[in-house]
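The paragraphs below lead the reader through one protein model, from its overall organisation to individual residues. The sequence and structure are shown first.

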Amino acid sequence: MKCFKHPKLDAVGVCKECGEGICTKCAVEIGKKLYCKDDADKVFGEKKAQAAPAVTTVTVTPAVTKAPQKNASAMKNSVLGQSSAAWILCIIGLVGAFPPICFGLGLILGYSALTKATDNLDVFSQRDVIVCGIGALANLALLGVWAFQMVDLISAFS
Ligand SMILES: [Zn+2]
Ligand SMILES: [Zn+2]
């Protein structure tokens with residue numbers, strides 16, 4: 001339902017007097033009941049004039065539709081963060097610091113980022129998925145190369 005005065009805003013309740021949908025800007029709470037501003041003035045105008053009334057503009061929870069978007073962007077940030085971490089681990093491993101640990105950890109992070117990105121294609125662009133995918137693959141490939149080198153090294157000594 002939309003607000004009867006603001007057709008673009010979602011109604012947060014219904015006026016007890018006229019039954020119209022009202023948004024946060026229009027809603028007035030009097031004695032735990034919601035009224036539109038006009039009716040709040042009309043119905044309680046006299047009381048208001050007499051003594052300090054308990055009229056407060058309602059501060060209602062922000063539009064419900066915003067919540068999933070916030071979660072989606074937080075999720076997106078964490079996945080892209082995982083993917084960047086995978087890339088960084090890949091580079092650290094290439095430089096020569098603990099290659100198996102870096103590539104292994106990078107592979108796990110990259111793979112986890114990739115699966116989350118492919119599971120949420122409405123949130124991630126094709127480019128994000130590719131970046132996550134290459135991050136995971138690069139670590140997998142480097143781990144493979146490292147393993148082959150180790151096998152070579154060991155066979156050279158034996
Ligand atoms: Zn009303
Ligand atoms: Zn309104």
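The account begins with the model as a whole, then turns to the strands, the helices and the cores.

The model is predicted: local features need a pLDDT of at least 70, side-chain atom pairs count only at pLDDT 80 or more, and totals for chains, interfaces and linings use all residues. Residues are numbered from 1 along each chain as its sequence is written, while chains are lettered from A and ligands numbered from 1 in the order in which they are written. The pLDDT is the predictor's confidence in each residue, on a scale from 0 to 100. For the protein chain it averages 83, and 84% of the residues score at least 70.

The protein chain contains four helices and five strands. These elements are DSSP runs numbered from the N terminus, with helices (H or I) of at least four residues and strands (E) of at least two. Along the sequence they follow the pattern β-β-β-β-α-β-α-α-α. Of the 158 residues in the protein chain, 27% are buried. A residue is buried if 20 or more other C-beta atoms lie within 10 Å of its own, exposed if 12 or fewer do, and partly exposed in between, with C-beta atoms placed from the backbone. Two residues are in contact if their C-beta atoms, placed in that way, lie within 7 Å. Among contacts between residues at least 6 apart in sequence, 42% join residues at least 24 apart.

The strands may be taken next. Strand S3 (residues 27-30) and strand S4 (residues 33-36) pair in the antiparallel sense over four bridges; pairing requires that DSSP find at least two bridges between two strands. Ala27 stands opposite Cys36 in S4, and the bridge partner of Ile30 in S4 is Lys33. The hairpin of S3 and S4 has two residues between the strands, and Gly31 takes a positive phi near 55° there. Lys32 lies in the loop between S3 and S4 and has a positive phi of about 70°, although it is not a glycine. Lys32 counts as exposed because 6 other C-beta atoms lie within 10 Å.

Is Ile30, by contrast, partly exposed or buried? Ile30 lies in strand S3 and counts as partly exposed because it has 18 C-beta neighbours inside 10 Å. Ile30 and Ala40 are 10 residues apart in sequence, with 7.8 Å between their C-alpha atoms.

Glu20 is placed in the loop between strand S1 (13-14) and S2. With 17 C-beta neighbours inside 10 Å, Glu20 is therefore partly exposed. Not counting residues up to four places away in sequence, Glu20 touches Phe4, Val14, Cys15 and Cys36. The C-alpha atoms of Glu20 and Lys2, 18 residues apart along the chain, are separated by 9.0 Å.

Attention now passes to the helices. The expected span of a helix is 1.5 Å times one less than its number of residues. H3 has 21 residues and reaches 29 Å from its first C-alpha to its last, close to the 30 Å expected. H4, with 32 residues, should span 46 Å, and its end C-alpha atoms are 46 Å apart, which agrees. Among the buried residues of H3 are Cys102, Phe103, Gly106, Ala113 and Ala117, and those of H4 include Cys132, Gly135, Ala138, Asn139 and Leu142.

A nonpolar core is a set of buried Ala, Val, Leu, Ile, Met, Phe, Trp, Tyr and Cys residues joined through C-beta atoms within 7 Å. The largest such core has 18 residues, of which Ala86, Cys90, Ala113, Ala117 and Cys132 touch the most other members. Helix H2 (66-95), helix H3 (99-119) and helix H4 (126-157) are the elements that give two or more residues to this core. H3 gives the most, with seven residues. Apart from this core lies another, of 12 residues, among them Val12, Cys15, Ile22 and Ala40.

Which residues does Cys90 touch, not counting residues up to four places away in sequence? They are Cys102, Phe103, Gly106, Gly135, Ala138, Asn139 and Leu142. Ile88 lies in helix H2 and counts as partly exposed because it has 14 C-beta neighbours inside 10 Å. The C-alpha atoms of Ile88 and Gly106, 18 residues apart along the chain, are separated by 8.0 Å.
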